[in-house]
Amino acid sequence: MKKQSNKMWGGRFTSGPDAIMEAINASIDFDRKLYVQDIQGSVAHAAMLAEQGIISKEDYHEIEKGLKIVLQEITDGQFVFSRQLEDIHMNIESRLTELIGPTAGCLHTARSRNDQVAVDFRLWVKRQAEKTAEEIETLIICLLNRAEEHTATLMPGFTHLQIAQPLTFGHHLMAYVEMFGRDLSRVRNAIERMDESPLGAVALAGTGFPIDRFTTAKMLGFREPTRNSIDSVSDRDFAIEFLASASIVAIHLSRLAEEIVLWSTSQFNFISLSDAFSSGSSIMPQKKNPDAAELVRAKTGRINGALVTLLTIMKGLPLAYSKDMQEDKELVFDAAETLELSLAAMMGMISNLVVNAVAMKRATELGYSTATDFADWLVRALGLPFREAHHITGQAVALAENKKCDLGQLSLSELQSIHPEITDDVFQYLTVEKSVESRTSYGGTAPKEVCRQILYWKKRLFTV
């Protein structure tokens, strides 16, 4: 029995693809996610064709009515998707033909699947980027609220994961506000660049029909149409840029997640995660594992992998469209879903974690965290060059280590044995409270400066 020819390809192919070709060629299993955007694009295209007199108003109304039925069927879960029809575009067009007959064929006038998928995907990525921006902003607000609670909560700051100088927990959280603030800016900038409609580029060369691409761009919520028909269908840099932004967000989430993991250990004991974001052990009843933070940390690799994969897919493609580009969507869909989940998990953890201020304060008294303050005092009070002050401070730290005490617990005579001009005035600068209060430079950890930065971000967020 002769196989039925594929309706989309028409008479060029007299036999259907075998099972392997069907499996490798079909994208309906994942691109069905674009059904809303595909129908939006088709309605806008049909309306423009009617307005331009390319199809009749009657045909447009039939098409619009049929597409609304298809949309409802998919939304209600009654639509039957077919892998033989390859993708979401042909599945919808086939069903439309069943509903309204040959009039459905008018819809593809002055349009190709190349610009159709480009506009569908761009619409989806644009909306997802807008959602991502909203979620990042919500996380920033969450961090601001917790930072405001802890503008004066003392904790050690680290370099090389070694105690360095005293900070406030609010100041530490504000570092992540700055990171996510840049992420928010990147995502918004990406939205601005992708705000162009490729619909009407057709296969790659435009069309001889008198279409109005500005009208369809406006109807679909784009700023304007793209300006080159070849570029319109042959690049996915808008998706790559979204993934690049998502990867940077994920890296920042991962760094914060790593700190949550460390802070929640019994060795640090800086915070306690809520039970909602922790799990126990199947064998050790005492365990409370920071699973949500660990999973956020791990999912970064998944998002980064999507970026590298799409970059690799696009790196050697000649203009214009190639089937390779079909592999773009599944990556972006998965990365977007993963990032959305990671952001939600981080918001939950930050909102609900309990801060152990006593343990944080106790940790600041380890590791000679006020050593820099001692060196600074030598510069201010004795007029010493900083390098000399640094050397003297190192000697004082060595003496304190030998005596197993803090810098501030050394006697004046012991300090004067290192440098005779040291006075007892130095001791008021060797407390962690004084150290933090003194860091009043712009962007510093002094509580009043942290409050200033919190106010800046609140004004910035709520006046945009």
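1. Lys329 is buried, at 4% relative accessibility. In this predicted model, its side chain is joined to Asp328 by a salt bridge whose closest N and O atoms are 2.9 Å apart. Asp328 has a relative accessible area of 0% and is buried as well. Both residues fall in that class because the limit for buried is under 20% relative accessible area.

2. Helix α6 (residues 113-149) holds the pair Glu130 and Arg127, which lie three residues apart, about one turn of the helix. The two form a salt bridge, with 3.5 Å between the closest N and O atoms. Glu130 is partly exposed, with a relative accessible area of 27%. Arg127 is also partly exposed, at 39%.

3. A second pair in helix α6 is Glu149 and Arg146, three residues apart and so separated by about one helical turn. Their side chains meet in a salt bridge of 3.3 Å, N to O. Arg146 counts as buried, at 10% relative accessibility.

4. How many salt bridges does a search of the whole structure find? The total is 32. Some residues are linked in a network of salt bridges: Lys126, Glu192, Asp195, Glu196, Arg223, Glu224 and Arg227. As background, side chains of opposite charge can pair when their charged atoms come close.

5. Strands β1 (residues 154-159) and β2 (residues 162-168) run antiparallel and are joined by five bridges. One of the residues involved is Leu154, whose bridge partner in β2 is Thr168. Two residues lie between the strands of this hairpin, and His160 takes a positive phi near 55° there.

6. The second largest pocket holds about 390 Å³ of space. Its lining has 15 residues, and the closest to the pocket centre are Phe158, His172, Tyr176, Arg255 and Glu259. Two or more lining residues come from each of β1, α7 (169-193) and α10 (237-263). Of the elements, α10 gives the most to this lining, with five residues.

7. The residues that line the largest cavity are Asp38, Ser42, Leu67, His89, Ile92, Glu93, Leu96, Leu107, Arg111 and Gln116. The elements giving two or more residues to the lining are α3 (35-51) and α5 (88-100). Helix α5 gives the most, with four residues. In general, rolling a probe the size of a water molecule over the atoms shows where empty space is left.

8. Leu204 sits in the loop between β3 (196-197) and α8 (213-219).

Notes:
Residues numbered from 1 in each chain as written. Predicted model: local features only at pLDDT ≥ 70, side-chain atom pairs only at ≥ 80, totals over all residues. Heavy atoms only, no water. Pairing = 2+ DSSP bridges. 1 Å grid on protein atoms, 1.4 Å probe; cavity = no way out; pocket = protein on both sides within 12 Å on 5 of 7 lines; lining within 4 Å. Points joined across faces, edges and corners; volume = space filled by probe spheres on them. Salt bridge = Lys/Arg side-chain N within 4 Å of Asp/Glu carboxyl O. Buried < 20%, exposed > 50% of the residue type's maximum accessible area, 1.4 Å probe, protein only.
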